[in-house]
Amino acid sequence: MIAETVCAAVSAAGLGIAVITAYRKRFLAAARIAAYSLVPVALVMTGVVDWLADTAFSPTAWAGFGLLGLSWVLFATTRAVERRRGGTRKERKAARAAAAPEAVAPRASAPSLDRGTRPAARPAPASRGEDDFSDIEAILKKHGI
C-alpha cells in the first residue's frame, strides 16, 4: 500500500516537472521526462511492485538468488579453466593428434636459400671474466660507434 502511494507521488511530481519543461518550450525534454515519470505507475498497475515487495521479504526468494549467483560463479569458473586448457576435451584430443610427430619428415617444396642471402654470423660471446661493459661494447661496435 505504501509502495503504491510513493510510486503515484513520484509520477505526479515527474508529470509536474514535465509540464514546467514544456512551458519553457523544451518539448522533447518534456516528453522524455513524462515518459520516465509514467514508469512507476505502470509498474504498480502491472503488479511488479507487489511482486518485488513479496520477493524482498521472502527468505526463499533470497536463497534462490543465492543459488543463481552460485551457478553463475560455477559457469564462469569452468569457462575460465576451459580457456586455459585450450578448449573442450574433443578440441584437446584433436590438437594432440595433429601435434603428433610424423614418422618421415616431408621434403621441402621450395628450394633452400643460396649462400649469398644468409645472415652474417654473430660474433662469439665474450668470456665471463671480462668487465661488465663487454655487452655494451659489442652493441656499440655492431652499430659502428
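Predicted model: local features only at pLDDT ≥ 70, side-chain atom pairs only at ≥ 80, totals over all residues.
Me: What makes Val48 partly exposed rather than buried or exposed?
Reply: Its relative accessibility is 31%. Buried means under 20%, and exposed means over 50%. Val48 sits in between, so it counts as partly exposed.

Me: Which element holds Val48?
Reply: Helix α3.

Me: Why can Val48 belong to a surface patch?
Reply: Val48 has 31%, so it passes the area cut-off.

Me: How do you know that the length of α2 agrees with a helix?
Reply: Count its residues: 20. The expected span is 1.5 Å times one less than that number. That gives 28 Å, and the end C-alpha atoms are 28 Å apart, so the two agree.

Me: Where does α2 bend, and by how much?
Reply: At Val39, by about 30°. That angle is taken between axes fitted to the seven residues ending there and the seven starting there. A proline, Pro40, follows within four residues.

Me: Which residues of α2 are buried?
Reply: Ala29, Ala30, Ala34, Ser37 and Pro40. For the chain, 10% of the 145 residues count as buried.

Me: Why is Lys25 called exposed?
Reply: Its relative accessibility is 65%. Lys25 lies in the loop between α1 (2-23) and α2. Its phi is positive, about 65°, although Lys25 is not a glycine.

Me: What is the secondary structure of the chain?
Reply: Six helices and zero strands. From the N terminus on, the order is α-α-α-α-α-α.

Me: Which residues does UniProt list as "transmembrane region", and what is their secondary structure here?
Reply: The unreviewed UniProt entry lists residues 35-53 and 59-81. Residues 35-53 are 95% helix and 0% strand, with end C-alpha atoms 24 Å apart. Residues 59-81 are 100% helix and 0% strand, and their end C-alpha atoms lie 33 Å apart.

Key:
Residues numbered from 1 in each chain as written. Heavy atoms only, no water. UniProt positions renumbered as here; feature names shortened; annotations may be inferred. Helix = DSSP H or I, 4+ residues; strand = E, 2+ residues; numbered from the N terminus. Buried < 20%, exposed > 50% of the residue type's maximum accessible area, 1.4 Å probe, protein only.
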